[in-house]
2 protein chains.
Amino acid sequence: MSKPADHQQLFENALDRLRTSGYKVTAARRDLLKILCQTGDHLTSTDVIEKAAQAKRPIGRASVFRTLDLLTELGIIRPTYLHRGAPNYIVMPENGHHAHIICRDCSQVIEINECSIDEMIDALEVRHNIEITGHLLELYGKCKDCE
Amino acid sequence: MSKPADHQQLFENALDRLRTSGYKVTAARRDLLKILCQTGDHLTSTDVIEKAAQAKRPIGRASVFRTLDLLTELGIIRPTYLHRGAPNYIVMPENGHHAHIICRDCSQVIEINECSIDEMIDALEVRHNIEITGHLLELYGKCKDCE
DNA sequence: ATCTTATTGATACTTAATCTCAATTGGAGT
DNA sequence: ACTCCAATTGAGATTAAGTATCAATAAGAT
């Protein structure tokens, strides 16, 4: 079980992962990561493009998509489907665990911090001979407001 | 723990869910569901559009998108982001459980049938006062071929 | 068999994402 | 600090994905 990391921590860690993976830490990537970490979860690419365009040091459209792809590949962010249309991106913490509940009626998203599937993951690693480095658990249900 | 339902079972069950939700069981919806259930998981909308166009009784582009949206809303299918670009759709079984591992290197998808997070879900239902009807568990790692 | 309403398909349209290529920049090495 | 080179960027063109409109059709209730 782990506490949610604060924004600054997430940001620093993500930068490290970029660096140690051999990619350049450019102004565009730094600024974009800042946007993602500060704003919080569930931004669409359009959201990010908008924010990036309004920044003091604007980032181009193509670079936003490229960076989102790169960060996804590195496991730093993760696209997920909340509503129709474009994916929403979440920033994955260092331990790679993220879980939320989506209400099927109102699409409200409830973030979950307690997550105890570690034992199951251990078993899967052995059974499939694979090293698991992260997960996304999405739960679907009907929230109390929608009952 | 549950066995994976066979295609026919998935299909019949999905039709039932459509019907009991008050939607008409049209030829287009039936054919499209058949495509989804028979072909298996991880088709993109473009894949489905192609298959639907080649069928004996072709289904129009717009109807494919409409039906994919409807089936998603009903929890019968679920978009996920495996690679870049458009989402891939998976057909959710009656029990609403789906889990897979995605290799971060080669994007290979390993389906998982054993899934033991039921106790955890019970606890979450109580804690968040919500009824959970399904989940998607995505695990990220590096498969043996990519080590 | 009839009727009502949901659904469909064709087309036009909007929005999202990708490609290309010259200009720029991070950072390794000197 | 300075130089250099490959990685990265931005602008704009292009392609692909998804949506809207509306007359025609079909499901299924009576």
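Me: Which residues of helix 2 of chain B meet residues in helix 4 of chain B?

Reply: In helix 2 of chain B, Arg29(B), Leu32(B), Leu33(B) and Leu36(B) meet Val64(B), Thr67(B), Leu68(B), Leu70(B) and Leu71(B) of helix 4 of chain B. Contact means heavy atoms within 4.5 Å, and helices are DSSP runs (H or I, at least four residues), numbered from the N terminus. This is a predicted model, where local features need pLDDT of at least 70 and side-chain atom pairs count only at pLDDT 80 or more. Residues are numbered from 1 along each chain, and chains are lettered from A in the order in which they are written.

Me: Why is helix 2 of chain B called roughly perpendicular to helix 4 of chain B?

Reply: The two helices pack at an angle of about 70°, with their axes 11 Å apart. Axes are lines fitted to C-alpha atoms over the stretch in contact, and angles run from 0 to 180 degrees between N-to-C directions. Angles of 65 to 115 degrees count as roughly perpendicular, so helix 2 of chain B is roughly perpendicular to helix 4 of chain B.

Me: What makes the approach of Arg66(A) to a base nitrogen of DNA strand D a polar contact?

Reply: An N or O atom in the Arg66(A) side chain is 2.8 Å from that base nitrogen. A polar contact is a pair of N or O atoms within 3.5 Å, so this pair qualifies. A polar backbone atom of Gly60(A) is 3.0 Å from a phosphate oxygen of DNA strand D.

Me: Which helix gives the most to the surface near DNA strand D?

Reply: Helix 4 of chain B does, with five residues; near means a heavy atom within 4 Å.

Conventions: Side-chain values use heavy atoms; hydrogens and water are left out. A polar contact is a pair of N or O atoms within 3.5 Å; within protein, one must be able to donate a hydrogen and the other to accept it, and residues adjacent in sequence count only if both atoms are side-chain atoms. Angles under 35 degrees count as roughly parallel, over 145 as roughly antiparallel, 65 to 115 as roughly perpendicular and the rest as oblique.
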